[in-house]
Amino acid sequence: MVKIKTLQMMALMALMLLTIGCKHQSRAELIEKFGREKMDYIEKKGFPKVQKMIVNNLKNPKSYEPISTDMSIVTSDMVIYDSYAFVALRDLERATRNFNEEFGNDTTSQEARSELDAMQNLKDLLLDRVKYANILPGRFEGIDVYHQFYAEDRPGHKTKKGYHVIFHKNNQVTLLCDHDEYLRVKTFARQLLKSPPFNSIQKTD
């Protein structure tokens, strides 16, 4: 009788452990899990691919000296990390800045209208990317690898640099930009995406 009760208790405990182990994970927990797994992979095996892409982009690859690497999770609603969206944001930021310097408040001349049309095309492209990102929001997309290092910007003169590289969930690697450009585009994106028509469909990170 005692043995039977002991077996019953053991079976009950096993069932409780199984129930806890099968507890449904939230989307945020799953994204965190996938992100940590991908970060571990990058640290152990994937970083040489990131490093090669950065070094090959330098004026003097032999001057490269690594400093540090930080990683953060990228999800589908973080539009700035979408390669197509980033290019549109970067070009739109530059075009907006150049337009203000060259044309000021002029929106009627042929040259100004031509520039405004080109900027509108970039906004339309960006809007398409924002809509695409929101079809299935909150998906794990990859890791933003921010790598800092020293390298020569001219012979005999080394400076501290930093690049953002996106390590995608399928292990493809995209060189996004240097840190200064990243901050400039991110600031511009936050302002733009809070304005119509973006603000009705996009959450800024």
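Good morning, colleagues. Please keep in mind that the structure shown is a predicted model.

I begin with the overall architecture. The protein contains five helices and four strands. Read from the N terminus, the order of these elements is α-α-β-α-α-β-β-β-α. Of the 205 residues, 34% are buried. The accessible surface amounts to about 13,200 Å², and carbon and sulfur atoms contribute 55% of that area. As for contacts, among those with a separation of 6 or more, 66% are between residues 24 or more positions apart.

I now turn to strand S2, which spans residues 140-154. How much of this strand is buried? Eleven of its 15 residues are, and S2 is therefore largely enclosed by the rest of the structure. For this count, a residue is taken as buried when its relative accessible area is under 20%.

Next, the pairing partners of S2. Strand S1, residues 65-75, runs antiparallel to S2 and is joined to it by ten bridges. Within this pairing, Asp70 has Tyr146 of S2 as its bridge partner. Strand S3, residues 157-168, also pairs with S2 in the antiparallel sense, here over twelve bridges. In that case, Asp144 is bridged to Ile166 of S3.

To summarise, S2 pairs with S1 through ten bridges and with S3 through twelve, and eleven of its 15 residues are buried. Thank you for your attention.

How values were computed: Residues numbered from 1 in each chain as written. Predicted model: local features only at pLDDT ≥ 70, side-chain atom pairs only at ≥ 80, totals over all residues. Heavy atoms only, no water. Buried < 20%, exposed > 50% of the residue type's maximum accessible area, 1.4 Å probe, protein only. Helix = DSSP H or I, 4+ residues; strand = E, 2+ residues; numbered from the N terminus. Pairing = 2+ DSSP bridges. Contact = heavy atoms within 4.5 Å. Areas by Shrake-Rupley, 256 points an atom, 1.4 Å probe, with all protein chains shown as cover.
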